[in-house]
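Please read the following note with the sequence and the structure open beside it. Each point may be checked by locating the named residues.

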Amino acid sequence: MKKFLILAVMMLTTMTVSAQMRAGSWAVMPNAGFNLAKITDLDDASMKVGLVAGADLSYQVNEPLAVSVGLLYSMQGAKDKYKLMGQSFNIKYNTDYINIPIVAHFYVTRGLAIKAGIQPALNVKHKVKSEADGTTTESSIDDFKNFDFSIPLGVSYEISNFVIDARYNLGVTKLWDATGSSSKNSVFQFTLGYKIHS
């Protein structure tokens with residue numbers, strides 16, 4: 001039993017050591033996962049689940065620091081509901097983006113990194129779907145902005161080239177120009193990636 005435990009620890013250590021790149025090296029990382037997205041300042045709004053997928057290009061500056069730039073297709077938005085004249089409406093905001101996260105990765109120990117950066121994004125879809133009494137209607141959101149900016153903050157763990165990433169994208173810019181509106185994106189993002197080293 002003791003030999004088995006020692007062997008398991010050695011294997012885990014070897015896998016973890018191989019996860020972090022050498023200083024001066026590059027890697028491409030395809031990744032995919034899901035979002036838990038919300039739009040702030042919407043009454044009774046709840047989180048909407050959406051897919052996210054894309055790839056990152058990263059550069060290991062030195063042992064504790066790496067930087068990356070990514071290109072991600074991100075399905076965001078929110079769910080909402082309200083009553084009007086006794087009728088209940090279920091609302092789904094479907095807002096899809098091309099996100100460009102530019103992130104610094106600070107390795108607190110081998111394989112484990114905390115991260116922060118900036119994320120400009122281009123909106124490619126802004127629809128609102130309304131359901132009431134079995135009837136569904138869909139329309140574009142008026143005055144929706146084509147550009148978004150957020151701050152990604154998160155943590156990741158790398159083992160044997162696989163990267164588990166959890167981050168929160170804090171929206172900075174307002175989503176539309178409606179009078180009195182200050183709604184912004186609020187997105188929890190979870191992905192699994194695989195690093196392909198150069």
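The points below treat the strands and then the salt bridges.

1. Basis of the note. The model is predicted, so local features need pLDDT of at least 70 and side-chain atom pairs count only at pLDDT 80 or more, while totals for chains, interfaces and linings use all residues. Residues are numbered from 1 along each chain as its sequence is written, and side-chain values use heavy atoms, with hydrogens and water left out.

2. Strands S1 and S2. Strands are DSSP runs of E with at least two residues, numbered from the N terminus; two of them pair if DSSP finds at least two bridges between them. Strand S1 covers residues 26–39 and pairs with S2 in the antiparallel sense over twelve bridges. Within this pairing, Val28 stands opposite Leu57 in S2.

3. Strands S2 and S3. These two strands run antiparallel and are joined by ten bridges. Asp56 has Gly70 of S3 opposite. S2 and S3 form a hairpin, with two residues between them.

4. Salt bridges in general. A salt bridge is a side-chain nitrogen of Lys or Arg within 4 Å of a carboxyl oxygen of Asp or Glu. By this rule, the count is five.

5. Arg110 and Glu63. The side chains of these residues meet in a salt bridge, at 3.3 Å from N to O. Arg110 lies in the loop between strand S5 (102–109) and strand S6 (112–132), and Glu63 in the loop between strand S2 (48–62) and strand S3 (65–84), so the pair ties together parts that are 47 residues apart in sequence. Arg110 is partly exposed at 33%, and Glu63 is exposed at 53%.

6. Asp165 and Lys115. Their side chains form a salt bridge, with 2.7 Å from N to O. Asp165 belongs to strand S9 (residues 162–171) and Lys115 to strand S6, so parts 50 residues apart in sequence are tied together. Are these two residues buried or exposed? Both Asp165 and Lys115 are buried. Together with Arg167, they are linked in a network of salt bridges.

7. Asp177 and Lys145. The closest N and O atoms of this salt bridge are 3.5 Å apart. Asp177 lies in the loop between S9 and strand S10 (185–194), and Lys145 in the loop between strand S7 (135–140) and strand S8 (147–159), so the pair ties together parts that are 32 residues apart in sequence. Lys145 is partly exposed, with a relative accessible area of 27%.

Definitions and conventions:
Helix = DSSP H or I, 4+ residues; strand = E, 2+ residues; numbered from the N terminus. Buried < 20%, exposed > 50% of the residue type's maximum accessible area, 1.4 Å probe, protein only.
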